[in-house]
Amino acid sequence: MREVWGRVVRLLAADDPETGRLIRLLLSLVLAWSLVAAEPDRVPALLWSALGVSMACWLAFVLLDGRFPRVAVAALAAGSAVAAAVSGSAEPAPTVFVFAMLLLFAAHMTPSMAAIVAVTVTDLLLMIGSLLWWEQPRSAIVVRGTVVMLTVLFALQRRQYRQAQHDRARAMALDERTRIARELHDVLAHSLGALGVQLEVAEAMLTERGDVEGAVARVRRARALAREGLVEARSAVAALREDVPPLPDALSLLVTEHRRDHDVPAELRTTGTRRPITPAAEVCLLRTAREALTNAARHAPGEPVTVEIGYGEGAVRLVVRNPYAAAGMGPSSGHGLQGMRERLALAGGTLRAGPSGGLWEVRAEVPE
């Protein structure tokens with residue numbers, strides 16, 4: 001039972017809150033109730049026939065909308081028109097049909113704005129003609145016409161909001177794909193380019209100089225570059241996965257791996273209130289931390305490393321520190337950090353690397 005309830009909750013959570021299954025179910029109950037509540041002795045055969053056609057159009061919309069949305073909204077428009085043609089009677093059921101079907105038609109994403117205007121005007125004219133035919137007071141014409149217009153305007157406002165949300169989500173998805181493509185391009189271009197250079201030098205050493213030891217060293221360097229490129233490519237591809245951990249968790253895993261692989265003290269500190277940031281900022285900070293830890297292991301082996309992530313006012317700061325005296329780092333080192341600086345700049349961030357208080361410090365900051 002719990003599993004069934006969980007599926008129902010997930011289904012409703014993923015549903016459209018304005019034109020989805022739950023709304024259709026509620027409107028179906030309202031329409032059915034309006035038919036049941038009608039008094040048979042006051043409803044002529046013509047009115048029952050019109051309500052039957054409208055109900056059939058509604059059921060056609062509910063059944064066909066998933067696979068044939070254009071046919072479904074056409075049935076919805078036809079049903080609202082039929083109900084509007086008999087809405088001048090004293091029975092409230094036709095009016096309920098008109099408002100329910102016109103509301104959902106105007107809020108649906110399939111029909112164009114011209115179609116919505118045309119259906120609304122048609123329903124208004126049919127409703128006015130029906131009210132005059134049944135000799136309803138003019139105040140009823142004004143009230144119902146006003147309510148119809150307000151209903152359509154409300155539905156259009158919600159439709160416009162949902163369209164804006166959809167466009168924003170699509171733009172964010174395209175931006176994310178562009179970022180991932182750039183990351184992969186940078187990783188592959190750097191790794192494969194350096195790998196090609198090392199192999200060319202190794203080939204020249206073997207064929208022209210006969211320097212086997214030098215060629216072996218170049219091949220080993222090429223193998224290391226291939227390994228590093230694979231790690232970087234996996235890091236970029238990981239941004240496409242849905243189960244990528246939040247930044248503090250990913251940094252904690254990175255620090256743990258560094259501590260285990262290099263057998264050195266490594267610590268992660270977190271300051272400020274932890275909160276989610278943009279994927280682009282997360283990837284930039286994570287790659288900066290990985291590059292800084294790689295440099296620390298290369299230039300300061302056996303020395304402790306401290307990684308600090310701080311959530312400030314409107315920005316997130318990453319600081320990686322390791323002993324400077326043993327690092328042997330100078331202003332000209334850190335070519336990988338130059339690439340990180342460029343990527344951080346694309347995300348609106350900054351990067352500083354240099355000695356600070358006897359330590360080598362890499363400080364990256366990105367806005368939220």
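**Note on a predicted model**

1. Asp263 lies in the loop between helix 9 and strand 1 (266–271). The model is a predicted one, and in it the phi angle of Asp263 is near 55°, a positive value in a residue other than glycine. Asp263 is exposed, its relative accessible area being 71%.

2. With 70% relative accessibility, Glu135 is classed as exposed.

3. The packing of helix 9 (residues 247–262) against helix 10 (residues 279–299) may be examined next: the two axes come within 10 Å and cross at roughly 15°. Because angles under 35 degrees count as roughly parallel, helix 9 is roughly parallel to helix 10. The crossing of these two helices is right-handed. On the side of helix 9, the contact is formed by Leu247, Ala250, Leu251, Leu254, His258 and His262, while helix 10 contributes Glu282, Leu285, Leu286, Ala289, Arg290, Leu293 and Ala297. Sorted by class, the residues in this contact of helix 9 with helix 10 are nine nonpolar, two polar and two charged.

4. Helix 2 passes helix 3 in a left-handed crossing. Arg24, Leu27, Ser28, Leu31, Ala32 and Leu35 of helix 2 meet Trp48, Leu51, Met55, Trp58, Phe61 and Val62 of helix 3. In the contact of helix 2 with helix 3, 10 residues are nonpolar, one is polar and one is charged.

5. Which residues touch the most other members of the largest nonpolar core? In this core of 39 residues, they are Trp58, Phe61, Leu76, Phe97, Phe105, Val148 and Val152. At least two core residues come from each of helix 2 (21–36), helix 3 (45–64), helix 4 (69–85), helix 5 (93–107), helix 6 (113–133) and helix 7 (138–209). Helix 5 gives the most, with 11 residues. Phe105 itself touches Val73, Leu76, Ala77, Pro111, Ala115, Ile116 and Val119, when residues up to four places away in sequence are not counted. Another core, of 29 residues, lies apart from the largest one and has among its members Leu286, Ala289, Val307 and Trp360.

6. Is Ser54 buried or exposed? Ser54, a residue of helix 3, is buried, with a relative accessible area of 0%. Apart from neighbours within four places in sequence, Ser54 is in contact with Gly79, Val82, Ala83, Phe97 and Met101.

7. Val305 is part of strand 2 (residues 305–311) and is buried, with a relative accessible area of 4%. Neighbours within four places in sequence aside, the contacts of Val305 are His258, Pro265, Ala266, Glu267, Leu293, Ala296, Val320, Arg321 and Asn322. Of these, His258 and Leu293 also take part in the contact between helix 9 and helix 10.

Definitions and conventions
Residues are numbered from 1 along each chain as its sequence is written. This is a predicted model: local features need pLDDT of at least 70, side-chain atom pairs count only at pLDDT 80 or more; totals for chains, interfaces and linings use all residues. Side-chain values use heavy atoms; hydrogens and water are left out. Axes are lines fitted to C-alpha atoms, for helices over the stretch in contact, and angles run from 0 to 180 degrees between N-to-C directions. Helices (H or I, at least four residues) and strands (E, at least two) are DSSP runs, numbered from the N terminus. Angles under 35 degrees count as roughly parallel, over 145 as roughly antiparallel, 65 to 115 as roughly perpendicular and the rest as oblique. A crossing is left-handed if the near helix is turned anticlockwise from the far one by less than a right angle, and right-handed if clockwise. Contact means heavy atoms within 4.5 Å. Ala, Val, Leu, Ile, Met, Phe, Trp, Tyr, Cys and Pro count as nonpolar, Asp, Glu, Lys and Arg as charged, and the others, Gly among them, as polar. A nonpolar core is a set of buried Ala, Val, Leu, Ile, Met, Phe, Trp, Tyr and Cys residues joined through side-chain atoms within 4.5 Å. Buried means under 20% relative accessible area, exposed over 50%, partly exposed in between (1.4 Å probe, protein chains only).
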